[in-house]
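This briefing concerns charged side-chain pairs and the packing of helices. Please read it with the sequence and the model at hand.

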Amino acid sequence: MSNARVETDVFDPVTLEIFWSRLISIADESAAALLRTSFSTIVRESNDFGTVLMDANGDSLSENTGGIPSFSGILPRTLKHFLAKYPPQTWKPGDCVITNDPWLATGHLPDITMAMPIFYQGALVGFSGSVAHSPDIGGSLWSADCRELFEEGLRIPPMKYLKEGEPNPDLHDMILSNVRLPDQVLGDLNAQVTANQVCGRRLVEFLDDAELDDLSGLSRTLQQRAEAAMRDAIERVPDGIYHATLDADGFDADETHITCTITVKGSDLEIDYTGTSPQINRGLNTVMNYTYAYSAYPIKCALDPNTPRNEGTYRPITVSAPPGSLLNPRYPAPCNARQLTGHLLAGVIYRALAEAIPGLVIADSGSAPSMRAVFSGLDRRGNRFSQILFASGGMGASAHDDGLPTTAFPTNAGAGSIEAFESVSPLIVWKKEFRIDSGGAGRYRGGLGQECEIEIRSTEPLQLSLLSDRWRHPALGVLGGHAGATSAIDFSDGTVPHQKSRTTIEPGMRLRLRYAGGGGYGDPKARDLNLVRDDIKNGYISAEAARRDYDMS
Amino acid sequence: MDERIRIGVDVGGTFTDFVLVDEGRDLIYTGKRLTTPDDPSVAIIEGVARLVNEAGLDASAVHSLVHGTTLVTNTIIERTGAKVGLITTKGVRDTLEMGREIRYDLYDLFLEAPPTLVPRHLRREVAERLAPDGSILLPFDAEAFRAVARDLIEVEKVEAIAVCFMHAYHNPEHERQAKAILVEAFGAVPFTLSSEVAPEIREFERTSTACANAYVQPRMQRYLERLEAQLRAEGYPGTLYVMLSGGGITTVRAARSFPIRLIESGPAGGAMAAAFYSALTDTEHVISFDMGGTTAKICLIDGGRPDRKHDFEAGRVRRFQKGSGLPLKVSVVDMIEIGAGGGSLATVDAMGLLKVGPRSAGSAPGPVCYGLGGLDPAVTDADLYLGYLNPNYFLGGEMPLDMATVERAIEEKIARPLGLSTLQAAVGMHHIVNENMAAATRMHLAEKGRDPRRYDLIAFGGAGPVHAYGLAQLLKLRRMIVPLGAGVTSALGFLVAAPAIDYVRSYVSRLEQIDWSHLNALFSDMQSEARTLLIDAGAQPEEITMARTADMRHVGQGFEISVPVPGGPLDETALPLLRQAFFDVYQQLFERTVRDVAIEAMSWRLSATAPVPNVRLNFGGQPIGAGTALKGTRPVYFQETGFADCNVYDRYALRPGERFSGPAVVEERESTTVIGPGATVNIDAYLNVICELP
């Protein structure tokens, strides 16, 4: 590596490979530190966090490998806001700036963003950043039905969480006085600080080993490489203007309508959402940062899945949405459940591009948007609990295979264990099984959704918050594939709760949740009949559906 | 301890390795034969006979044979196991297929799901349900169970049955009733109860473990019984032991119910050998580094014991991708496997960068230099080009290596497309594979909150000693140790392992709400089972040591940490001790403690061990070369010097106390140790190469 002391941007392919891998490892080590010490269920069960190493300009250099797209892509944008408030020359070693402002960061209040400067030989060479979903942020818990941002919790503008390594006691008190689980929240804030510190220490070691004074040349080179890879990939998409629309349940009369126009010209790809519904006074609004992240992510998956990500990845992709629309709301629109809108974008983007790049896309996923039931109250021993049932619908099918059953997309929230869930809550999950016939028919079948049945065994009534969609609008198929089954939630007594509501539930009640299936791909009549027979044998589809959809006699 | 004759046998994919220890005469003999994949016992019987003969012994003198095998892991990878039927609690038969509902690769839209060992039509349900506290919500429907079992066995013709009921880790009563029916009505069909194979909370992992055990059970039972019978027929009176994934050994009788615990028996042997060498060389903190043809394995050893963990992932769709395989709740030596071996192939990626591995040339066709038709340059080719390997002394000269073809392949496939010289390309390949291993090691240390600077490196495996120096440099380690006989280390590891067994019971409770009599009952249950088993394996009751731990976490936290639990009956006076032990471990791992969040325990573990056999290393059975160790010189490439003439030593002629300094290469039959400029080497009393880095 001694030949790496370079004054120019020229790195040989061996050195560049080694350096690039090291920088990704740094983001990954930082992520490991965060995951290891975090309290939040949502961080560990649904990977709801990200870590990013950024250069002195605040541009992304490397992101943790398993990073949630909404986080890693947005962090550099948040850091730019930090730098506007605190110019680069004012940062001191050990400073840490925090925010959860939805417009500056990741689109809802529970996500905390933190960034710290990294100094090498006395000079500012980069920033370490992390985002994680906090165990609590005050306000209305995780819900979709607030009418203003202010109901949704505490908003922290960019502020110093640490000043030269010392906690800012006023801010500390302010945060901890406004959340339900102060110890856990503090634990997770500290986990983020640790993650940022690990990132900083590792970068300093790297610069020592690499005999580099700063990151500027390397940063430029890596960003150019990633940008070139994305541009190459976009160039392989035929030039044109592609169009699709999507409807979702929205909130009561305010159905969600998304219009998506994709313009591919040479190596540039532009996504515009003109024609999308206006913003509403419920928490489904998706700020521009989040709209961008959930637009860029499906493009990256389809066109250039293998190149490591950094700032260069995102340069060829532009995204726009009319101000005041659901995908670019004005402050202070409520946005707590913005995933119910943002997760839909992958499906509409893939349907727009399906004719142009049929082998690279998947049909719409029943698991988008994610469906969640949040239970809270007192358990049978009087301990306070709050548990989220993590479960997913089916993924969309592709030109290569059936959609995966019960798998989240575009998010990657896993499911926890039922036994662990029951051990810390007064709930019994009587059923958690595949929903027969829920995958959209097609040459390749959409992934199956699932059905869960939960009994409330507390002695006191519990609080239930539901965040769901697709009751009326299923995941659509592509290129002749059929739609998957819609989702549904009801109680054992036959009553049906509001799909995006907070309600009280009585002991002894049973809640039934049916998760949507994924869309099918291609004409069902073209499906291999052996696959249809296997599906019948395993109870993935009924004999009746086989006759109806696949002409199986 | 008695002076005994013991033999270790490691059946690997390509070779079966043998080590014989004669404690009476203080001698060690080693051997190697090609594995006979259709019936591994053929090579075992032949190899053992040859070794016993070489040692001038008779079969009747052999006290015991310790066996490790890849049969379990291969059965899962190759999907050649039994047709299994699974019976679960009503409502959750799809747990096995749903898994954790995650995508193991965030950017691959077309990823292949991990395999499901039991297809849905062979998964049946019966009415029964327990609450998390073990109380019965719905009684077990014995008749329904009998009916589904009958259908699976008689109509579907399944060869093994797995049973997994919800919360059976807490109360196994319903599974025991199921067992009674299986034994009574279908006695000949092997079965696995989840509460026996993995009595731990989390139904997917427990079901997966039960199914995997049932899947490998018929084949392993047949194999072990036949091997035992054959040894008996050949006149070996001794006991046959098998190596467990956790680093202990056990009898065939104990292993036959839970063959899944053998899944990592070979690699565990390697780690146990490294632990043995760490004690032998008085090294407190060791990174064990085993690099072969396809993979490198890294394991941390502190205080003479390899790290262990209690879950493992088998049969991955993508070998080096976490989450792409079947999770198993088994105790294993905690090691990471990296796609970095002598056969790892170099490629130029779409962005014009040099990549090495994880794709491997394997043993056929192998690297270009083998001359067996390999066209793409592999790590071994670069090692040869750089002078680390001797083209005329590979495998002791049995396989001459072809330098001219290697140079051409590196030039054409790597150097030219990248615009580099052949030398730069070869150096790049060697460096990148080292970097890949260093990155994975750093990550492993980081996940455990350990400081790399406290560690020394012990290297073995064919490619380990070639790359150890470069890896040690990258990790900034100061010392590396290369034992003699790097080619049979796992088999030696079997002989330095003790009879041992691990037990676990899940009982979820906040510490201050623990029912102490219940907990004491769990421990005394595990203790008496362990004692019976180890005495059966030949241990003296007074020699057995028991260690207890608990998996604990803060309420609300996702990670459990392993916390020591005091021995003897426990009551509320243990509470402050447990709490403090939790804080101590937490502090060590995470460099902070959180005092005011409640602590809960998930699972309670007991690890019982008999004393470690006392093996003295004397390679009397090795052909030790006479005369001078310095064979000559040859040009070898180092970063600091470029190509420069460098001393070449004969490993077998190096005597205890000998010293020299780098640059140097030390050649033995199965490997070559590379020493960089400025390093100093001394040969210790056990013929280990001890190298201090500059």
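Axes here are lines fitted to C-alpha atoms, for helices over the stretch in contact, and angles run from 0 to 180 degrees between N-to-C directions. The model is a predicted one, in which local features need pLDDT of at least 70 and side-chain atom pairs count only at pLDDT 80 or more, while totals for chains, interfaces and linings use all residues. Residues are numbered from 1 along each chain as its sequence is written, chains are lettered from A and ligands numbered from 1 in the order in which they are written, and side-chain values use heavy atoms, with hydrogens and water left out.

**Helix packing in chain B**

- Helix H11 (residues 403-418) and helix H12 (residues 422-447) of chain B pack at an angle of about 85 degrees, and their axes are 9 Å apart; helices are DSSP runs (H or I, at least four residues) and strands likewise (E, at least two), numbered from the N terminus.
- H11(B) is therefore roughly perpendicular to H12(B), a term for angles of 65 to 115 degrees (under 35 is roughly parallel, over 145 roughly antiparallel, and the rest oblique).
- Glu407(B), Ile410(B), Glu411(B), Ile414(B) and Ala415(B) of H11(B) make the contact with Thr422(B), Ala425(B), Ala426(B) and Met429(B) of H12(B), where contact means heavy atoms within 4.5 Å.

**A salt bridge between chains**

- Over all chains, a search of the whole structure finds 81 salt bridges, each being a side-chain nitrogen of Lys or Arg within 4 Å of a carboxyl oxygen of Asp or Glu.
- One of them pairs Arg129(B) with Glu422(A), with the closest N and O atoms 2.5 Å apart.
- Arg129(B) belongs to strand E7 (residues 129-130) of chain B and Glu422(A) to helix H12 (residues 418-423) of chain A, so the pair joins two chains.
- Arg129(B) is buried at a relative accessible area of 1%, and Glu422(A) is buried at 1%; buried means under 20% relative accessible area, exposed over 50%, and partly exposed in between (1.4 Å probe, protein chains only).

**Salt bridges within chain B**

- Arg318(B) and Asp108(B) form a salt bridge of 2.6 Å, N to O.
- This pair links distant parts of the chain, 210 residues apart.
- Arg318(B) is partly exposed at 28% relative accessibility, whereas Asp108(B) is buried at 18%.
- Arg150(B) and Glu154(B) also meet in a salt bridge, at 3.2 Å from N to O.
- Because Arg150(B) and Glu154(B) are four residues apart in helix H4 (residues 142-155) of chain B, about one helical turn separates them.
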